[in-house]
Amino acid sequence: MNTRTLELMVGLFVAAGIAALFMLAMSASNLSTYGGDEGYTVKARFDNIGGLKARSPVSAGGVRIGRVTEIGYDMAGYEAWVTMSIDPQYNAFPIDTSASILTSGLLGEQYVGLEPGAEEEYLTSGSVITLTQSALVLEQIIGQFLYSKGDE
Amino acid sequence: MVDILLNRIQMLGRTTLDGFARLGRASLFLLEVLSNLGGMLKRPGLLIKQLFSVGVQTLIIIVVAGLFVGMVMALQSYYALVDFGAENSVSVMVVLSLLRELGPVITALLFAGRAGSALTAEIGLMKTTEQLSGMEMMAVNPIERVVAPRFLAGVIAMPLLAAIFSAVGVMGGYLVAVELLGLDAGAFWSQAQENIELIDDLGNGMIKSLVFGVVVSWIAVFEGYDCTPTSEGLGRATTRTVVYGSLAILILDFVLTALMFGK
């Protein structure tokens, strides 16, 4: 094997190692923008988002139609803001669609569920969903249950 | 009767002293190798050649092993987690165990078997056929010329191989979890990203693989250089590289894990 091939192979090996490190770093930190299929974004306000995270699924009727892209907290209204990106083919949700934060299974991941309304107008990019239901926080429910039992 | 007993005790003493003598020789040898690393600057070609035989030629076994380890990890953790409705955590399980443990450890074990044994056999045969003494006759330092490039190549190749192993393993896990078991691709990556720290998990895994690289390469070149110059001694030295190398990896892995992750 001549020197050129040898050096070429070693160069490829080192490059592959660095690429592997890079790929691991991307999948381990929040740098990546995986699945960047262009959809339209809508926002929703919630009192409590529970364990919702950026990149959690958004679904309607159990079908995944988009992702949560950003989560923020609004100091003016003391509410959480959830920005989500809906896939472009699902572009006919009425403007009075409601959003709730649901859990898949008892202890599973949390996601945003959309329930379509009845208006003629549709949600577009930048729309705000006003009808929202917060996440059910297990500790609060148990707490309420215990209090109500205690009153009896 | 007493004679036999005394002989046994003497043998025990001799073995212990031999062990310490070997350890001392190995340490002095490592110092000598380290002090001769500078010679590589004059002849980078030597290092490239060793990187090829130690790194590139180990690549195939690492890629295949990584792929299947990742796939089986995804399958097994899916069966365990699906009962709790936590099957979306498969990615966390796969990526975390690959980065922290399996990547560095299995890569190092394969590396000891594939590259370490080859290093020992090569250097040992050079010693047995008196090529090393020949070099000394010609005023060429065999440590600088033969041992140091092999040692450094092992140290450089090991973290790269571990990174490739982990990356391929993650892809194998992705294949099984998403394509075969039908988990959500976004949940796979988002769960991994939410739960895995760049420095704590990836960084510490890389430190582990670097330490393993130093230890395995050290054992391999020392066993070759220190072997009894007969065909039998050469065989024994090669075996010792794999056995001691593997044991050192597993013991060091526990120590490093306790130091890094045990808080």
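This is a predicted model: local features need pLDDT of at least 70, side-chain atom pairs count only at pLDDT 80 or more; totals for chains, interfaces and linings use all residues.
**Entry 1**

I started with K43(A) and looked up its bridge partner in β7(A), which is V128(A). Next I checked how the two strands run: β1 (residues 40-46) of chain A and β7(A) are parallel, and two bridges join them.

**Entry 2: the whole sheet**

Then I wanted the strand order. Going across, I read β7-β1-β4-β3-β2-β6-β5-β8 in chain A. That makes an open sheet of eight strands, and the pairing is mixed. Which strands stand at the edges? I found β7 (128-129) and β8 of chain A there. Each has a single partner strand, so one side of each is left without a neighbour in the sheet. A reminder to myself: strands of a sheet pair through backbone hydrogen bonds, either parallel or antiparallel.

**Entry 3: around β5(A)**

I moved to β5 (residues 98-103) of chain A and looked at β6 (residues 110-115) of chain A beside it. These two run antiparallel, with six bridges joining them.

**Entry 4: where chain A touches chain B**

How many residues of chain A are in contact with chain B? I noted 31, and they meet 31 residues of chain B. On the chain A side, the elements that give two or more residues are α1 (3-28) and β3 (63-74). The most comes from α1(A), with 15 residues. I also sorted the chain A side by residue type: 16 are nonpolar, nine polar and six charged.

**Entry 5: two helices in chain B**

Last, I looked at α1 (residues 2-35) and α8 (residues 198-225) of chain B. Their axes come within 10 Å and cross at roughly 105°. Angles of 65 to 115 degrees count as roughly perpendicular, and α1(B) and α8(B) are therefore roughly perpendicular to each other.

Which residues make the contact? From α1(B) I listed A26(B), F29(B), L30(B) and V33(B). From α8(B) I listed W218(B), V221(B), F222(B) and Y225(B). By type, the contact of α1(B) with α8(B) has eight nonpolar residues, no polar ones and no charged ones.

How values were computed:
Residues are numbered from 1 along each chain as its sequence is written. Chains are lettered from A and ligands numbered from 1 in the order in which they are written. Two strands pair if DSSP finds at least two bridges between them. Helices (H or I, at least four residues) and strands (E, at least two) are DSSP runs, numbered from the N terminus. Two residues are in contact if their C-beta atoms, placed from the backbone, lie within 7 Å. Ala, Val, Leu, Ile, Met, Phe, Trp, Tyr, Cys and Pro count as nonpolar, Asp, Glu, Lys and Arg as charged, and the others, Gly among them, as polar. Axes are lines fitted to C-alpha atoms, for helices over the stretch in contact, and angles run from 0 to 180 degrees between N-to-C directions. Angles under 35 degrees count as roughly parallel, over 145 as roughly antiparallel, 65 to 115 as roughly perpendicular and the rest as oblique.
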